[in-house]
Every structure is written in C-alpha cells, then in structure tokens.
Amino acid sequence: MSKTSAAITAVGAYVPEYVLTNQILETMVDTNDEWITTRTGIKERRILKGEGKGTSFLAINAAKDLIKKRGIDPKDIELVIVATATPDMKAASTAAFTASEIGATNAFTFDMDAACSSFLFGMSVAASYIESGRYKNVLLIGADKMSSIINYKDRATCIIFGDGAGAVLFEPTQENLGLQDEYLRSDGTGREFLQATYGGSSYPITPEVLENGGHCAFQEGRTVFKNAVFNMADATVKILERNNLSKDDVNWLVAHQANKRIIDATANRIELEQEKVMMNIHKYGNTTSATLPLLLNDYESQLKKGDNLIFAAFGGGFNWGSIYLKWAYNS
Ligand SMILES: CC(C)(COP(=O)(O)OP(=O)(O)OC[C@H]1O[C@@H](n2cnc3c(N)ncnc32)[C@H](O)[C@@H]1OP(=O)(O)O)[C@@H](O)C(=O)NCCC(=O)NCCS
C-alpha cells in the first residue's frame with residue numbers, strides 16, 4: 001500500500017477592514033514612509049477594531065471563508081489547531097471557541113504558540129496527525145491580533161506588525177503530494193531579543209508595567225534581523241539539499257513576511273528568481289502566525305498540482321525552519 005501523506009486541500013483567509021498606512025503612522029510616531037518602505041517593504045497593514053474582538057474573530061472568519069470555498073461540512077472536521085501568539089485569553093483556548101463558532105462540533109482543539117513560526121510548526125503537527133492515520137480532516141488556522149500587544153509609541157516595532165488570519169485544511173492523500181520534509185529548530189537563548197515579557201507566569205503585570213508598555217512586544221531589531229536572515233536561509237538550503245532539489249525544482253518560496261530584506265536574502269541565498277517568491281508584506285506587514293496562509297490565499301489561483309513549495313519562517317523564541325510541500329490541487 002502506498003504511503004499516506006498530508007496534503008493541503010483548501011485555503012481561506014480574513015483581514016480586517018481598517019488600513020493603517022505609513023502616512024497614518026507618521027502622525028503617531030517619529031517615522032516616515034520612505035524609511036519604513038526601504039527598511040521593511042511595508043506600505044500598510046490591517047488593524048482589527050471593535051471592542052471585544054480578539055484573535056478568534058479573525059480565526060473564525062478565515063475558517064468560514066475556507067469552509068465556504070471548499071464546501072465542507074464543519075461537522076466533518078476532527079481537529080482544529082489555532083496557531084497564535086495572541087490568544088483571546090490566557091486560559092480557555094482560542095481554538096475551542098473558534099471551533100464552536102464555526103460549527104466544528106465533532107472536533108478536538110488546541111492552540112499552538114511558536115511566535116512567528118507558529119503556523120510553520122503547526123503544519124508539522126497537523127500533517128503528523130494525518131500521516132499517522134488517526135484523523136482525516138485537520139483545520140490549521142494561523143491568526144494574530146498583533147495590535148493587541150503593540151506599543152504604538154515604539155517606532156521600532158509598531159511599524160512592522162498587522163492583524164490577520166489564514167486557514168488551511170489538511171487531508172490524506174496516497175499520491176506523492178503534500179508535506180514531504182521538514183527542518184525545524186529552536187534556540188531559547190534568543191528570547192531576550194524578541195519577546196512580549198509581562199503577563200506570563202514569571203513576569204506578572206503591575207500598574208508600572210502597564211504604564212511603561214511592558215505588556216507589549218519588544219524587539220532588538222538588528223539582532224533579530226541578523227538571526228532571521230541567517231537561519232531562514234540556512235534552513236531553506238538544508239531542506240533543498242536533503243531533498244536533492246535545485247532552485248529550478250522550486251516553484252514557490254513561501255517565506256514568513258517579517259521584512260522584505262529578510263525574504264530577499266533567503267531567496268538570494270538559493271539564487272531564486274523574484275517571480276517565484278510570494279510576497280504580500282507591502283499590504284499586510286508582519287501578521288505573525290498568519291503570514292504563510294495569507295500568502296497561500298493570495299497566490300492560490302497561480303498554484304498548480306505538483307508544484308514544489310518551500311516554506312520558511314523565523315520568529316521569537318527563537319524558532320525557525322523550513323518545510324517542503326507539494327501542492328495538491330488546481331483551483
Ligand atoms: C526593525 C528593523 C526594520 C529596523 O531596521 P534597521 O535597519 O535594523 O534599523 P536600526 O534598528 O539599526 O535603526 C537605524 C536607525 O533608524 C532609527 N529608526 C528605528 N525605527 C525607525 C522608524 N520607524 N522610523 C524612522 N527611524 C527609525 C533608529 O533609531 C536608528 O537611528 P540611529 O541610527 O540614529 O540610532 C529591522 O531591524 C528588522 O526588520 N528587524 C527584524 C524585525 C523582525 O523581523 N521582527 C519579527 C521577527 S519574526
């Protein structure tokens with residue numbers, strides 16, 4: 001009997017309506033469109049407005065988009081994973097609430113957090129459940145309301161992040177499609193350079209912390225940049241070598257959208273042509289767990305069955321890696 005692989009069989013997405021442009025940011029912090037564009041490639045990002053609307057709002061809408069497009073019965077979904085660094089609340093998972101709201105009443109659910117690598121690592125987890133034969137329909141959602149942990153007085157951080165969500169469905173296939181290989185790594189010594197410190201069990205929130213924005217994300221941009229460039233490129237090279245792929249075998253690079261210069265550096269390292277590099281950072285910024293599925297959604301109509309996709313991500317932790325996946329359908 002041929003091997004069971006885990007294929008992505010549907011994609012959905014949601015971004016909020018409100019557009020935070022570089023020009024608006026110029027009125028909020030000491031920055032300018034030219035600086036942001038040349039340093040990051042970002043022109044605008046989406047922000048979720050509205051009281052009580054959290055990451056689940058984004059996740060639910062992305063999942064509903066997928067369900068409508070694919071025409072599946074939510075009751076057939078057996079597992080819902082929400083990859084996120086900004087869950088609705090500390091306890092009571094975002095995934096459980098999301099699943100109930102979309103009618104996935106036969107599913108078990110959990111959240112997964114590996115910062116900007118949450119979705120990449122989530123692909124590995126979702127695929128493992130399928131490959132083992134235990135489940136046949138796994139919904140993986142990458143969703144983050146980054147604006148909930150951004151200090152809009154910190155110009156080094158607030159220009160980068162945006163809100164959004166994307167979802168993919170994993171199903172088994174006996175064809176040689178779906179997830180082929182992965183190279184995933186973590187290094188906890190990196191956490192001092194990129195973190196949202198307070199609110200966790202080691203660092204309780206106090207009135208002073210709130211006043212100083214200590215509950216928000218902090219990064220030492222230059223160190224993060226260097227590590228991201230090195231590790232995303234290194235993981236991508238490793239996955240190509242391990243699978244005897246040349247750059248000509250690669251149809252698409254699906255790289256985490258943190259900074260256009262980091263994505264370009266990864267593509268350059270494997271000498272990949274620009275037209276094979278998925279890019280939407282200019283319109284969404286860094287949506288953390290949502291960047292990879294938002295790319296798939298934007299490029300879905302150009303993807304063909306059998307295409308070789310190389311995913312790459314880097315994020316807080318540090319966590320990073322690369323996944324090789326063969327696309328499973330024509331849209
Ligand atoms: C944040 C980042 C865009 C900053 O770009 P950079 O080229 O490294 O810039 P630096 O931090 O070295 O700052 C250069 C100068 O610009 C200034 N600057 C920082 N943010 C600015 C802004 N928004 N507008 C204008 N100037 C800014 C700095 O104060 C510094 O000024 P100085 O030279 O007078 O001290 C870049 O480091 C980056 O993208 N890092 C990785 C971020 C990331 O990927 N995070 C998520 C990981 S998943």
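**Interface between the two domains**

The protein chain splits into domain 1 (5-176) and domain 2 (179-326). The model is predicted. The C-alpha centres of domain 1 and domain 2 are 14 Å apart. Contact between the domains involves 56 residues of domain 1 and 49 residues of domain 2.

The size of an interface is often expressed as the accessible area lost when the parts come together. Here, about 3800 Å² is buried between domain 1 and domain 2. Carbon and sulfur atoms give 61% of that area. On the domain 1 side, Cys116, Leu120 and Phe121 stand out: they supply 16% of the area that domain 1 buries against domain 2, more than any other three residues.

The side chains of Glu175 and Lys305 form a salt bridge, with an N to O distance of 3.2 Å.

Several elements build the side of domain 1 that touches domain 2. At least two residues each come from the strands β1 (5-14), β3 (44-47), β6 (138-145) and β7 (163-173). The helices α2 (33-40), α3 (55-70), α5 (118-131) and α6 (155-158) likewise supply at least two residues each. Of these elements, α5 gives the most, with eight residues. By class, this side of domain 1 holds 28 nonpolar, 15 polar and 13 charged residues.

Note on methods: Residues are numbered from 1 along each chain as its sequence is written. This is a predicted model: local features need pLDDT of at least 70, side-chain atom pairs count only at pLDDT 80 or more; totals for chains, interfaces and linings use all residues. Side-chain values use heavy atoms; hydrogens and water are left out. Domain bounds come from an automatic or database domain assignment. Contact means heavy atoms within 4.5 Å. Buried area is the accessible area (1.4 Å probe) that two parts lose on being put together, summed over both. A salt bridge is a side-chain nitrogen of Lys or Arg within 4 Å of a carboxyl oxygen of Asp or Glu. Helices (H or I, at least four residues) and strands (E, at least two) are DSSP runs, numbered from the N terminus. Ala, Val, Leu, Ile, Met, Phe, Trp, Tyr, Cys and Pro count as nonpolar, Asp, Glu, Lys and Arg as charged, and the others, Gly among them, as polar.
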